[in-house]
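Subject: The structure we talked about

Hi there,

Here is the structure I promised to pass on. Please open it next to this email, and then read on for what turned up in it.

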Amino acid sequence: MLVRGAIGLVLILLLGYGFMEARPLISGPSLSVTSPVDGTTSPDGFVTVAGTVERVSSLTLDGAPLLIDEHGAFSRVIVLPRGGAILSLTATDRFGRTITKQESVYAP
């Protein structure tokens with residue numbers, strides 16, 4: 001009876017470990033944009049695009065690559081055209097899965 005309990009405990013531990021190791025495969029990429037807030041108006045035409053990512057191998061802003069630091073943070077100051085712009089951020093993980101977020105920004 002004690003041996004069956006020990007074997008059951010080992011199997012549960014192995015399954016838990018396997019789940020933790022498979023988390024990146026299961027979860028996919030994560031993208032959080034902290035700036036700009038959707039619908040923001042930028043009177044001077046400059047806007048900082050910033051946020052964080054997790055489980056990402058590449059990040060682009062309107063097709064141009066963005067650098068990600070060791071903590072998953074990114075930041076870039078861009079110049080907006082007159083009128084408005086829709087900024088499109090796309091994060092891709094090592095398995096080719098993507099997530100895209102769009103933010104509208106206006107410049108008078």
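This is a predicted model: local features need pLDDT of at least 70, side-chain atom pairs count only at pLDDT 80 or more; totals for chains, interfaces and linings use all residues.

Three strands form an open sheet in the order S1-S3-S6, and their pairing is antiparallel. Strand S1 (30–35) and strand S6 (73–79) are the edge strands, as each of them pairs on one side only. From one strand to the next, the twist averages 25°. As background, strands of a sheet pair through backbone hydrogen bonds, either parallel or antiparallel. S1 and S3 are joined by five bridges in the antiparallel sense. To see this pairing for yourself, look for Ser35, which stands opposite Ala50 in S3.

Next, have a look at Ser42. This residue lies in the loop between strand S2 (40–41) and strand S3 (46–54). Is Ser42 buried or exposed? Ser42 counts as buried because its relative accessibility is 5%, and the cut-off for buried is under 20%. Leaving aside residues up to four places away in sequence, Ser42 touches Val47, Leu80, Tyr106, Ala107 and Pro108.

Finally, turn to helix H1 (residues 2–27), where you will find Ile7. With a relative accessible area of 48%, Ile7 is partly exposed. Together with Val3, Val10, Leu11 and Leu14, Ile7 makes a nonpolar surface patch of about 480 Å².

Enjoy exploring, and write back with any questions!

Best wishes

Conventions:
Residues are numbered from 1 along each chain as its sequence is written. Side-chain values use heavy atoms; hydrogens and water are left out. Helices (H or I, at least four residues) and strands (E, at least two) are DSSP runs, numbered from the N terminus. Buried means under 20% relative accessible area, exposed over 50%, partly exposed in between (1.4 Å probe, protein chains only). Contact means heavy atoms within 4.5 Å. Patches are made of residues with over 30% relative accessible area and no salt bridge: like charges are joined within 9 Å, nonpolar side chains (Val, Leu, Ile, Met, Phe, Trp, Tyr) within 5 Å. Accessible areas come from the Shrake-Rupley method with a 1.4 Å probe; for residues, only the protein chains shown count as cover. A salt bridge is a side-chain nitrogen of Lys or Arg within 4 Å of a carboxyl oxygen of Asp or Glu. Two strands pair if DSSP finds at least two bridges between them. Axes are lines fitted to C-alpha atoms, for helices over the stretch in contact, and angles run from 0 to 180 degrees between N-to-C directions.
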